[in-house]
Amino acid sequence: MVLVAPMKKLCLMVLASLTLAWPAKAMDNALRAGLLKLDPQTRLEQRCDAEVLDRISHDDHNFKADRVVAYAFATPQMSADAIKSSGAAFRSKGQWYRLKFKCQTAPDHMQVLQFRYKIGDEIPETDWAKYNLYD
């Protein structure tokens, strides 16, 4: 099944909301069920996006990441089981920040095997529309 870009964005928003709104056990089950309904490529993207949100919020309590856009400044490099995005952005507490990340999953795209990220500078609100970032 091929999803068009707006549908992918909708899936991301739904999955991101699930990761933030549900208690830990329910979140895992809801996220897993949602991911299993997606085609493999979209599942890879969504699983890595969910990992970005979880890791940033967990690793640095100054952030509460609730959205990620892997393609904000550059097209991510994709392989069968990995994504490398040098031009991503994430939102925390209503503000957007630059982000680089590399995410490798198992072949079914349900488990993250390797993950690295680096948070960059805050993105001025005047640039949000240019990069399709929203509040």
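Modeller: Buried means under 20% relative accessible area, and exposed means over 50%. The model is a predicted one.

Colleague: Is Tyr97 buried or exposed?

Modeller: Tyr97 is found in strand E4, residues 95-105. Its relative accessible area is 15%. The cut-off for buried is under 20%, so Tyr97 is buried.

Colleague: What is the C-alpha separation of Tyr97 and Asp121?

Modeller: Leaving out residues up to four places away in sequence, Tyr97 touches Asp121, and its other contacts include Ile119, Gly120, Glu122 and Ile123. Tyr97 and Asp121 are 24 residues apart along the chain, and their C-alpha atoms are separated by 5.6 Å.

Colleague: Which kind of aromatic pair do Phe90 and Tyr97 form?

Modeller: The count of aromatic pairs comes to seven. For Phe90 and Tyr97 the centre-to-centre distance is 5.3 Å, with 25° between the planes. Planes under 30 degrees apart count as stacked, so the pair of Phe90 and Tyr97 is stacked.

Colleague: Which residues do ring pairs link into a cluster with Tyr97?

Modeller: Phe90 is buried, as is Tyr97. Ring pairs link Tyr97 into a cluster with Phe63 and Phe90.

Colleague: Is Lys64 buried or exposed?

Modeller: Lys64 sits in the loop between helix H3 (40-59) and strand E1 (65-69). Among the residues Lys64 touches is Ser92, and the C-alpha atoms of Lys64 and Ser92 are separated by 5.0 Å. With a relative accessible area of 56%, Lys64 is exposed.

Methods
Residues are numbered from 1 along each chain as its sequence is written. This is a predicted model: local features need pLDDT of at least 70, side-chain atom pairs count only at pLDDT 80 or more; totals for chains, interfaces and linings use all residues. Side-chain values use heavy atoms; hydrogens and water are left out. Helices (H or I, at least four residues) and strands (E, at least two) are DSSP runs, numbered from the N terminus. Buried means under 20% relative accessible area, exposed over 50%, partly exposed in between (1.4 Å probe, protein chains only). Contact means heavy atoms within 4.5 Å. Rings of Phe, Tyr and Trp (its six-membered ring) pair if their centres lie within 6.5 Å; planes under 30 degrees apart count as stacked, over 60 as edge-to-face and the rest as tilted.
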